Amino acid sequence: MALVRSLAIVTVLAAVLGCGDAPSSDVDAKIDALFGDPPFGTVNRDEVRRMLLTKPEDDGPIFLVNFIHHREHAEYRDGRPTDLTGVEADALYNLLVLPMLADIGAEPFYVGAVERMPLPGDGQTWDQIAVVLYPSRAKLIEMISRPDFRTAVAHKVAGVERTIVLVAHPAPDQLPEDLRRVDLTKVPFPPTADDQPVNLVHLLHFNEKAQYADGRPTTLTGREAFDLYEQGRVPQALPLGVRPGIKLDVEAE
């Protein structure tokens, strides 16, 4: 769980899926051409195959959720000298990519700098969380195939030490839009200049079967147990001004 100061609460529900059938050598070559061997993570080749092989009639909007940990100092693969920090190099990448996102009809949905991590989970630390909405997998592939993107991504490679990228879709049980709106001046503990609104971003992986600390027997899945928790938590949170921004189900990472 990461605490960020920005605009919305994002809950990412991890349920990673595989691809299945082996692709042709042409598809493998395309994957190598698109991604190569990035230093900040391992390419999920099954998910990229899914993107490349998805038929237009089966394609549609996707969210890409990025958890990012920056280098202290930028390191360019071509050895160029630089005084940039990792954060500055990645910011340069973002500046260059924003017009490309607009060209393909994509848009940043959420960007937040991580303030601290109250529940560090697997022990990995993150500096930034970014969510981008793409109109389709085909448009994403179109963008990362562009020569100007290939130039821009050198700055991300230089600035990012570690990242995970999740392909996600809105979960079916979103809070209705009318309940998401809140007047923060009227909540019991309104924000101040010293205590401004914050966002909690959760990355969750469910137990296949629910496991209770008191050992109670259950037939619930982990997801079903979490849903029961949500049913009790949300009515208590709404009067305090707490609002779920969006919940995303993860297709793959």
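Trainee: Why is Gln 128 called buried?

Mentor: This is a predicted model, so every value here is computed from it. Gln 128 has a relative accessible area of 18%. Buried means under 20%. Gln 128 therefore counts as buried.

Trainee: Where is Gln 128, and what does Gln 128 touch?

Mentor: Gln 128 sits in strand S5. Leaving out residues up to four places away in sequence, Gln 128 touches Asn 66, Phe 67, Ile 68, His 70, Asp 90, Val 111, Gly 112, Ala 113 and Val 114.

Trainee: What makes S4 a partner of S5?

Mentor: The test is again at least two bridges. Strand S4, residues 107-116, is joined to S5 by 6 bridges. That meets the definition, so S4 and S5 pair. They run antiparallel. Pro 108 has Val 132 of S5 as its bridge partner.

Trainee: Which residues touch the most other members of the largest nonpolar core?

Mentor: Tyr 134, Met 143 and Phe 149, in a core of 20 residues. The elements that give two or more residues to this core are S3, H3, S5, helix H4 (137-144) and helix H5 (147-159).

Trainee: What is in contact with Tyr 134?

Mentor: Setting aside neighbours within four places in sequence, Tyr 134 is in contact with Pro 61, Ile 62, Leu 64, Leu 101, Ile 104, Ala 106, Leu 140 and Met 143. There is also a second, separate core of 15 residues, which includes Val 65, Ile 129, Val 131 and Leu 248.

Trainee: Why is Leu 95 called exposed?

Mentor: Exposed means over 50%. Leu 95 has a relative accessible area of 57%. Leu 95 is therefore exposed. Leu 95 lies in helix H3, residues 86-103. With Leu 92 and Leu 96, Leu 95 makes a nonpolar surface patch of about 250 Å².

Trainee: What makes the link between Arg 49 and Asp 46 a salt bridge?

Mentor: The cut-off is 4 Å from a side-chain nitrogen of Lys or Arg to a carboxyl oxygen of Asp or Glu. The N to O distance for Arg 49 and Asp 46 is 2.5 Å. The pair therefore qualifies.

Trainee: Why are Arg 49 and Asp 46 separated by about one helical turn?

Mentor: Because they are 3 residues apart in helix H2, residues 45-53.

Trainee: Buried or exposed: what is Arg 49, and what is Asp 46?

Mentor: Arg 49 has 13% relative accessibility, so Arg 49 counts as buried. Asp 46 is at 31% and is partly exposed.

Trainee: How do you know that Arg 80 and Asp 78 form a salt bridge?

Mentor: Their closest N and O atoms are 2.8 Å apart, and the limit is 4 Å. Asp 78, at 55% relative accessibility, counts as exposed. Arg 80, at 35%, is partly exposed.

Trainee: What is the N to O distance for Glu 115 and Arg 116?

Mentor: The closest N and O atoms are 2.4 Å apart, in a salt bridge. Glu 115 has a relative accessible area of 34%. Arg 116 has 49%. Exposed needs over 50%, so Arg 116 stays partly exposed.

Trainee: How far apart are Arg 162 and Phe 40?

Mentor: They are 122 residues apart in sequence, but 4.3 Å apart in space, C-alpha to C-alpha. Arg 162 is in strand S6, residues 160-170.

Technical notes
Residues numbered from 1 in each chain as written. Predicted model: local features only at pLDDT ≥ 70, side-chain atom pairs only at ≥ 80, totals over all residues. Heavy atoms only, no water. Helix = DSSP H or I, 4+ residues; strand = E, 2+ residues; numbered from the N terminus. Patch = residues over 30% accessible without salt bridge, like charges linked within 9 Å, V, L, I, M, F, W, Y side chains within 5 Å. Areas by Shrake-Rupley, 256 points an atom, 1.4 Å probe, with all protein chains shown as cover. Buried < 20%, exposed > 50% of the residue type's maximum accessible area, 1.4 Å probe, protein only. Core = buried A, V, L, I, M, F, W, Y, C linked by side-chain atoms within 4.5 Å. Contact = heavy atoms within 4.5 Å.
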